[in-house]
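Reader: I am new to this structure. Please pick one part and take me through it closely, along with whatever surrounds it.

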Amino acid sequence: MKLDYKASNIAKAERKCGLDFWKVFTTFDKHPSMSNLLFLFEAGAATEEDFDAAFKKGVNEVLMIILDGLSDAGFLGQEDARVIKRQLEELTKELVISQNSGDKAKK
């Protein structure tokens with residue numbers, strides 16, 4: 001899935017959701033709520049169904065799609081997107097290790 005952050009798509013999502021794209025974008029790293037993630041998907045011309053399908057693969061899938069779209073549209077530099085993706089991957093690995101350690105400790 002590829003998001004398309006052009007002006008008309010962003011304006012349509014802003015009207016529908018009553019949110020401001022720039023405000024959501026600039027607070028994305030501080031407030032990644034589900035409604036903000038869905039809004040960013042819709043601002044990229046995706047549907048709620050697209051969001052649900054991506055979310056079934058995990059929140060990281062949703063974040064990666066958004067990061068790719070923002071980077072492709074020029075809202076986020078490619079190097080910035082790579083750094084954020086690496087951070088997400090490292091965090092995910094840490095969570096998996098932590099969960100696995102907890103499972104072993106319970107046994």
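Author: Start with a term. Helices (H or I, at least four residues) and strands (E, at least two) are runs assigned by DSSP and numbered from the N terminus. This is a predicted model, in which local features need pLDDT of at least 70, side-chain atom pairs count only at pLDDT 80 or more, and totals for chains, interfaces and linings use all residues. Residue numbers start from 1 along each chain as its sequence is written, and side-chain values rest on heavy atoms, with hydrogens and water left out.

First, its setting. The protein chain has 6 helices and 0 strands. From the N terminus on, the order is α-α-α-α-α-α. Of its 107 residues, 31% are buried, where buried means under 20% relative accessible area, exposed over 50% and partly exposed in between (1.4 Å probe, protein chains only). Among contacts (heavy atoms within 4.5 Å) with a separation of 6 or more, 55% join residues 24 or more positions apart.

Now H3 itself. This helix covers residues 34-43. It is mostly covered, with 7 of its 10 residues buried. They are Asn36, Leu37, Phe39, Leu40, Phe41, Glu42 and Ala43. These buried residues pack against H1, H2, H4 and H5.

Take the H1 side next. H1 spans residues 7-17, and its buried residues are Asn9, Ile10 and Ala13. Seen down the axis of H1, they fall within an arc of 100 degrees, so they line one face of the helix. That arc is taken from the directions between the helix axis and the C-beta atoms. H2 (21-26) and H3 are among the elements that cover these residues. The face turned away carries Ala7, Lys12 and Arg15, which are exposed. Gly18 follows H1 and has a positive phi, near 70 degrees.

Leaving aside neighbours within four places in sequence, Asn9 touches Asp4, Glu42, Ala43 and Ala45. Glu42 and Ala43 are among the buried residues of H3.

On to the H5 side. Ile65 sits in H5 and is buried, with a relative accessible area of 8%. Leaving aside neighbours within four places in sequence, Ile65 is in contact with Met1, Leu3, Phe41 and Ala54. Phe41 is one of the buried residues of H3. The C-alpha atoms of Ile65 and Lys2 are separated by 6.8 Å, although the two are 63 residues apart along the chain.

H4 (residues 48-56) and H5 (residues 59-72) pack at about 125 degrees, with axes 6 Å apart. That makes H4 oblique to H5: under 35 degrees counts as roughly parallel, over 145 as roughly antiparallel, 65 to 115 as roughly perpendicular, and the rest as oblique. Axes are lines fitted to C-alpha atoms, for helices over the stretch in contact, with angles from 0 to 180 degrees between N-to-C directions. Phe51, Ala54 and Phe55 of H4 meet Val59, Glu61, Val62 and Ile65 of H5.
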